[in-house]
Amino acid sequence: MMFWSFIGLLTVVYVGYRFLKALGNSIPILELLLLIAGLQWIVGSYIEYRTSFQHYKYYMYVDEVQYMEYVVPAYLAMVIVVFVWLHKIELKPLPIKTFYKYSNYAVILIVVGFASDILRPIAPGGLKFIFFLLANFKFVGAILLFFSKKKKHRYVFFAAIGLLVLSSLRSAMFHDLILWGTFFYMFWAYKKKPSFKLNVIILLTGFFMSTIIQAVKSDYRALVWAGYDGNYTTLFIDILSKRLSGGLSENTEEQEELNVRLNQGWIISAIMEHTPRMQAYAEGSTVKEAIMASALPRFMTPNKKIAGGVENFEKYTGIELGSSTSMGMSLIGEGYANYGKIGGIFFMGIWGCVLGLVWLFLSKKIEHNMIIFFFLPLIFFQVVKAETELVVVLNHLVKSTILVFLFLWFTKKILNLNVINAEDR
């Protein structure tokens, strides 16, 4: 095994251990972010280098030594900086027994969430993202009700999971289900304090379920998007049963293609092969665009960068995408596209520092207003994804944080509905 590959895999294992140990004691969102990144940037790539099957487009464009010599140190830079911040910032244990006082507030969040779901399709283009964030308030409310003393309130928590499943089956899009399902388990563990062994079992079960979803997603999506109007659950189970009877995939190539869906390394390697050989380094231009896009609303900058990543993806990978396809460079790929190998490593270290500063800011606010604790999954919803580029991550992080604090101010000042603060503990 090559040196940097070994170091990378060892680091991902350590990050996974830290994530499992944190479950039940905190809401380990930053650990989850690092784990997802390690799985998609290092583990998936390591497997891809050792498979005989090669996709015509989604393959590793540079050799393992060149790839791991950049990706592993860049990943390490982010991991080390984030863990240094987490060591300094210790979120004080919150009084779970008082969370039931949030029940009325939770109902408001759920109403706002469902109302936003209804209004989102007719909202103006510039406001659709705001309504997307507001629609997710219903899941924040469901988490709050899980801590209620009333059993019927706790049923709402599990009903929200069922709603996520049904919504994912209807749209044939499963990202929200996987992410919110993970966040729900974090809060369940925070209340129930499961053993390390149970956390391992749940994590492995979740990974297995994600693999199953990936195995059937293409066939299922093709039928649903073609106009299927039958029972979505029955359709999914039928496709799944056929795949399971053949070992999840019908042949070896399909089994190996499952790793293609995990591996984001092919995109990063394409950037490394294409830039700067065919395309000059961006030298910070995409970073400046991302900062401007997240700092200013669209009506002030009508020509600002649109999230989706197609333009930069094609420019710095040299790969053309279909009209209905959207892919991001990922932060680590964007770091290389802007600054090259050494600069990209420093870029990822700086990004780790940004995450630490945001976590410090939020932890300070939670000390005075515990309700913010329950909004953490919403604030980091897009941030934990390893495939997204900086414009998406920053835009979500900034806009969701502002929206949450505006909503809390509105409910307190306008509706005169206060939540538990430090003095109430």
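At 2% relative accessibility, Trp-41 counts as buried, where buried means under 20% relative accessible area, exposed over 50% and partly exposed in between, with a 1.4 Å probe and protein chains only. The exercises below start from this residue. The model is predicted, so local features need pLDDT of at least 70 and side-chain atom pairs count only at pLDDT 80 or more, while totals for chains, interfaces and linings use all residues. Residues are numbered from 1 along each chain as its sequence is written, and side-chain values use heavy atoms, with hydrogens and water left out.

**Exercise 1. State where Trp-41 lies and which residues it touches.**

Step 1. Trp-41 is in helix α2; helices (H or I, at least four residues) and strands (E, at least two) are DSSP runs, numbered from the N terminus.

Step 2. Contact means heavy atoms within 4.5 Å. Not counting residues up to four places away in sequence, Trp-41 touches Tyr-67, Val-71, Tyr-75, Met-78, Gln-264, Ile-268, Ser-330, Ile-332, Met-348 and Ala-386.

Step 3. Ala-386 is 345 residues from Trp-41 along the chain, yet their C-alpha atoms are separated by 7.9 Å.

Step 4. A nonpolar core is a set of buried Ala, Val, Leu, Ile, Met, Phe, Trp, Tyr and Cys residues joined through side-chain atoms within 4.5 Å. The largest such core has 136 residues, and Trp-41 and Phe-380 touch the most other members. Helix α3 (residues 64-88) gives the most to this core, with 15 residues.

**Exercise 2. Describe how helices α1 and α2 are arranged and which residues make their contact.**

Step 1. The axes of α1 (residues 3-22) and α2 (residues 29-48) come within 9 Å and cross at roughly 150 degrees. Axes are lines fitted to C-alpha atoms, for helices over the stretch in contact, and angles run from 0 to 180 degrees between N-to-C directions.

Step 2. The two helices are therefore roughly antiparallel, since angles over 145 degrees count as roughly antiparallel, under 35 as roughly parallel, 65 to 115 as roughly perpendicular and the rest as oblique.

Step 3. From α1, the contact is made by Ser-5, Gly-8, Leu-9, Val-12, Val-15, Gly-16, Phe-19 and Ala-22; from α2, by Glu-31, Leu-32, Leu-34, Leu-35, Gly-38, Leu-39, Ile-42, Val-43 and Tyr-46.

Step 4. Ser-5 of α1 is buried, at 1% relative accessibility. Leaving aside its neighbours within four places in sequence, Ser-5 is in contact with Tyr-46, Glu-64 and Met-68.

**Exercise 3. Determine how many residues of helix α6 are buried and what they pack against.**

Step 1. Helix α6 (residues 137-146) is mostly covered, with ten of its ten residues buried. Among them are Phe-137, Lys-138 and Phe-146.

Step 2. These buried residues pack against α4 (103-119), α5 (128-135), α7, α8, α16 (371-379) and α17 (390-413).

**Exercise 4. Identify the backbone features at Ala-172, Ser-330 and Pro-276.**

Step 1. Most residues other than glycine have a negative phi, and most peptide bonds are trans.

Step 2. Ala-172, in the loop between α7 (151-171) and α8 (175-192), has a positive phi near 60 degrees. Ala-172 is buried, with a relative accessible area of 0%.

Step 3. Ser-330, in the loop between α14 (310-317) and α15 (331-368), has a positive phi near 75 degrees. Ser-330 is buried, with a relative accessible area of 0%.

Step 4. The peptide bond from Thr-275 to Pro-276 is cis, with omega near 5 degrees. Pro-276 lies in the loop between α12 (265-274) and α13 (285-295).
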